[in-house]
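Welcome! Have a look at the structure below, and then we will walk through a few of its parts together.

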Amino acid sequence: MTTTDQPVPVLVRLDVDTVAPHFSKALAHLDNAMVRELDAVGFDARLRELVRLRASQLNGCSYCVDLHTGDAQKAGDTLARIAAVAVWRESSLFTARERAAFTLTESITRASETRVPDADWAAAALVFSPEELGALVSLIVTINAWNLVGVSTHAWV
C-alpha cells in the first residue's frame with residue numbers, strides 16, 4: 001500500500017469525555033432516558049438504528065454513521081436497506097412507518113431550515129401513537145446531540 005492509498009487520520013480536537021466529564025455523563029444519562037422511552041413503547045430496534053443512521057448522515061458524523069451501520073446490522077437489518085437509508089425517498093425498501101420516521105428525522109435534524117412543518121408531523125402522527133412520537137422525538141434529539149459533539153470535537157474517531 002502506498003502512502004496515497006492509506007487512510008487519512010482524523011485528529012481528536014477535544015476529548016470531551018475528559019475535559020467536560022459532567023456534560024459527557026449527562027449526555028449518557030439522556031441517552032439512557034431515550035432508550036427507556038423507546039423500550040416502553042416497544043419501538044423497533046432496526047428502525048431505531050436507521051433513524052440514528054439517517055440523522056448521523058445528515059449531520060456528517062462519521063463516527064456515528066459507522067457505529068449505527070454496524071448496530072443496524074446487529075439489530076437484524078439488511079445491508080441493502082442500510083445502504084439505501086441515504087436515498088430512502090428513491091428506495092422501495094422502506095415501509096410507510098419507516099418513511100414517516102425518516103421524514104420527521106430529517107425535519108427535526110434540519111429544524112433551523114424546516115421549522116418542522118405540520119405536514120411532516122401529521123405524516124408521522126398517522127402511523128405513530130402519541131407515546132411512540134414522544135419516544136421518536138427523544139431518539140432524534142438525542143442522536144443529534146451526540147452528532148453535534150462528535151462533529152465539533154472529533155472526540156470519537
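Leaving out residues up to four places away in sequence, which residues does Leu136 touch? The list is Leu38, Phe43, Val51, Ala101, Leu104 and Phe128. Please keep in mind that this is a predicted model.

As general background, nonpolar side chains in soluble globular proteins tend to be buried together.

Val16 belongs to helix α1. Is Val16 buried or exposed? Its relative accessibility is 8%, so Val16 counts as buried, the cut-off being under 20%.

Setting aside residues up to four places away in sequence, Val16 touches Pro21, Phe23, Ser24, Val149, Ala155 and Trp156.

Now follow α2 from end to end. With 20 residues at 1.5 Å a residue, α2 should span 28 Å, and the 29 Å between its end C-alpha atoms agrees with that. Its buried residues are Ser24, Leu27, Asp31, Met34 and Leu38. These residues cover an arc of only 75° around the axis, so they sit on the same side of α2. The background here is simple: an α-helix has 3.6 residues a turn, so residues three or four places apart point the same way.

On the other side of α2 you will find the exposed residues His22, Lys25, Arg36 and Ala40. The buried residues of α2 are covered by elements including α1 (16–19), α3 and α9. Just after α2 comes Gly42, with a positive phi of about 70°.

Helix α4 (residues 62–74) can be read in a similar way. Its 13 residues should span 18 Å at 1.5 Å a residue, and the end C-alpha atoms are 19 Å apart, which agrees. Cys64, His68 and Ala72 are buried in α4. Their arc around the axis is only 65°, which means they lie on the same side of α4.

Which exposed residues does the face of α4 turned away from its buried side carry? They are Ser62, Asp66 and Lys74. The buried residues, for their part, pack against α3, α5 (79–84) and α9 (130–153). Just after α4, Gly76 has a positive phi of about 105°.

One last stop is Glu49, placed in helix α3 (residues 45–59). Glu49 counts as buried because its relative accessibility is 8%, below the cut-off of 20%. What does Glu49 contact, leaving aside its neighbours within four places in sequence? The residues are His68, Asp71 and Ala72.

Two of these, His68 and Ala72, are among the buried residues of α4. With His68, the side chain of Glu49 also makes a polar contact of 2.8 Å.

Technical notes: Residues are numbered from 1 along each chain as its sequence is written. This is a predicted model: local features need pLDDT of at least 70, side-chain atom pairs count only at pLDDT 80 or more; totals for chains, interfaces and linings use all residues. Side-chain values use heavy atoms; hydrogens and water are left out. Helices (H or I, at least four residues) and strands (E, at least two) are DSSP runs, numbered from the N terminus. Buried means under 20% relative accessible area, exposed over 50%, partly exposed in between (1.4 Å probe, protein chains only). A polar contact is a pair of N or O atoms within 3.5 Å; within protein, one must be able to donate a hydrogen and the other to accept it, and residues adjacent in sequence count only if both atoms are side-chain atoms. Contact means heavy atoms within 4.5 Å. The expected span of a helix is 1.5 Å times one less than its number of residues. The arc is that of the directions from the helix axis to the C-beta atoms.
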